[in-house]
Amino acid sequence: MSGTKMHGHPLVRGWLLLLGAVIVAAGLLFTIGGVKLVGLGGSPYFLIAGIALFGAGILIMLRRAGGAWLFGAILLLTLCWALWEVGFSFWPLISRLLAFGVGATVVSLSYPL
């Protein structure tokens with residue numbers, strides 16, 4: 001299909017709906033866990049990131065480029081937060097960044113859609 005636009009193709013729409021739904025689910029889990037963590041006197045990071053992930057997922061489901069940009073912003077803020085919290089200690093850092101890195105890879109590869 002070179003030279004044609006695939007934006008409206010059913011597979012593209014289905015993929016973006018699935019990807020967005022997974023990110024929405026992650027956002028809900030982060031939000032729920034973040035509320036519990038804040039209640040215990042912990043960091044509000046997970047609550048804020050969860051709300052932002054929820055929004056990014058909704059935008060991706062709606063096939064809006066802003067969803068990918070919001071996910072990228074969350075990744076950058078997560079990187080800053082993780083470095084502030086644990087420095088350059090490999091295992092604590094990778095445990096905070098791996099899932100976001102995988103998610104960002106999938107989102108960025110899906111961006112042209």
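**View 1. Helices H3 and H4 run roughly antiparallel to each other in this predicted model.** Helix H3, spanning residues 65–86, packs against helix H4, spanning residues 90–110, at an angle of about 170°, and because angles over 145 degrees count as roughly antiparallel, the pair is described in that way; the two axes lie 10 Å apart. On the H3 side the contact includes Ala68, Phe71, Ile74, Leu75 and Glu85, among others, while H4 contributes residues including Pro92, Arg96, Phe100, Gly103 and Val107. Sorted by class, this contact of H3 with H4 has 15 nonpolar, three polar and two charged residues.

**View 2. A salt bridge joins arginine 96 and glutamate 85.** The closest N and O atoms of arginine 96 and glutamate 85 are 2.8 Å apart, and a search of the whole structure finds one salt bridge. Since arginine 96 lies in helix H4 and glutamate 85 in helix H3, the pair ties together parts that are 11 residues apart in sequence. Arginine 96 is partly exposed, with a relative accessible area of 25%, and glutamate 85 is likewise partly exposed, its relative accessible area being 36%.

**View 3. Isoleucine 23 and its contacts.** When neighbours within four places in sequence are left aside, isoleucine 23 is in contact with Leu53, Ala56, Gly57, Ile60, Phe71 and Val107.

Notes. Residues numbered from 1 in each chain as written. Predicted model: local features only at pLDDT ≥ 70, side-chain atom pairs only at ≥ 80, totals over all residues. Heavy atoms only, no water. Axes fitted to C-alpha atoms, helices over the stretch in contact; angles between N-to-C directions. Helix = DSSP H or I, 4+ residues; strand = E, 2+ residues; numbered from the N terminus. Parallel < 35°, antiparallel > 145°, perpendicular 65-115°, else oblique. Contact = heavy atoms within 4.5 Å. Nonpolar A, V, L, I, M, F, W, Y, C, P; charged D, E, K, R; others polar. Salt bridge = Lys/Arg side-chain N within 4 Å of Asp/Glu carboxyl O. Buried < 20%, exposed > 50% of the residue type's maximum accessible area, 1.4 Å probe, protein only.
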